[in-house]
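Here is a short briefing for a first look at this structure. It goes from the overall layout to the cores and then to the charged pairs.

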Amino acid sequence: RRCRFMLVSDATRDCDMSLLALKENLAVYNGNLLRSIQYVETPTSGIHALAQLPGKSPLRHTAGCHARIEVEYDNGQLGTIWYIKATLTGDEDGDLKLFALTNSVFPHHPTTSVFDVEAFRAYEKLGRVTCEKITGELWEALFEDASVQYV
């Protein structure tokens with residue numbers, strides 16, 4: 001199925017932010033279902049923004065938490081993939097920063113260890129913060145597209 005817009009959330013454990021799951025999935029479809037893939041880069045979104053920022057901070061910050069990927073399907077139809085990865089960008093509140101400082105793997109725990117109430121709440125909060133960060137850009141892009149009809 002060739003979708004005009006796809007929203008993809010990646011919850012894989014990826015401590016070094018290599019984005020391997022994204023790259024592997026795109027590689028499977030490139031040349032088969034997809035004719036071309038283009039990463040849209042801005043200072044706070046894109047593949048480069050998802051890479052860890054250099055520095056000695058114990059919190060592994062990234063410049064952004066999402067990437068916009070423009071694709072062309074084999075039939076010429078265009079599509080946009082919004083890829084979301086829960087990351088720490090440095091503008092989280094004190095509670096989230098404290099949890100990250102005391103849990104060095106956060107936000108890359110294996111899913112089997114988020115049954116702890118404190119960890120569950122931290123991931124829930126990070127998910128909410130992540131969605132708030134991208135909602136404006138996502139809706140702006142959707143409403144700019146005149147071919148999308150809303151009911």
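From the N terminus on, the protein chain runs β-α-β-α-β-β-α-α. That comes to 4 helices and 4 strands. Both kinds of element are DSSP runs numbered from the N terminus, with at least four residues (H or I) for a helix and at least two (E) for a strand. The model is predicted: local features need pLDDT of at least 70, side-chain atom pairs count only at pLDDT 80 or more, and totals for chains, interfaces and linings use all residues. Residues are numbered from 1 along each chain as its sequence is written, and side-chain values use heavy atoms, leaving out hydrogens and water.

**Whole chain**

- Buried residues make up 34% of the 151 residues. Buried means under 20% relative accessible area, exposed means over 50%, and partly exposed lies in between (1.4 Å probe, protein chains only).
- The chain exposes about 9,200 Å², and carbon and sulfur atoms supply 57% of that area. Areas come from the Shrake-Rupley method with a 1.4 Å probe; for residues, only the protein chains shown count as cover.
- Among contacts (heavy atoms within 4.5 Å) between residues at least 6 apart in sequence, 58% join residues at least 24 apart.

**Nonpolar cores**

- A nonpolar core is a set of buried Ala, Val, Leu, Ile, Met, Phe, Trp, Tyr and Cys residues joined through side-chain atoms within 4.5 Å.
- The largest core has 14 residues. Those with the most contacts inside it are Leu19, Leu22, Leu26, Leu50, Ile69, Val71 and Tyr83.
- H1, helix H2 (47-50), E3 and E4 each give two or more residues to this core. E3 gives the most, with 4 residues.
- Tyr83 touches Val8, Asp10, Leu19, Leu22, Leu50, Cys65, His66, Ala67 and Ile69, not counting residues up to four places away in sequence.

**Salt bridges**

- The structure holds 8 salt bridges. Each is a side-chain nitrogen of Lys or Arg within 4 Å of a carboxyl oxygen of Asp or Glu.
- Asp10 pairs with Lys85, with the closest N and O atoms 3.5 Å apart. Asp10 is in strand E1 (residues 5-10) and Lys85 in strand E4 (residues 78-85), 75 residues apart.
- Glu72 and Arg35 meet at 2.9 Å, N to O. Their bridge links strand E3 (residues 66-73) with strand E2 (residues 34-40), across 37 residues. Arg35 is partly exposed at 49%.
- Lys133 and Asp91 meet at 3.1 Å, N to O. Lys133 lies in helix H4 (residues 117-144) and Asp91 in the loop between E4 and helix H3 (94-102), so the pair ties together parts 42 residues apart in sequence.
- Lys133 is partly exposed at 28%, whereas Asp91 counts as exposed at 55%. Salt bridges that share partners join Asp91, Glu92 and Lys133 into one network.

**Lys23**

- Lys23 lies in helix H1 (residues 20-29). At 43% relative accessibility, Lys23 is partly exposed.
- The side chain of Lys23 reaches the backbone oxygen of Ser18 at 3.0 Å.

Technical notes: Polar contact = N/O pair within 3.5 Å; in protein donor to acceptor, adjacent residues only side chain to side chain.
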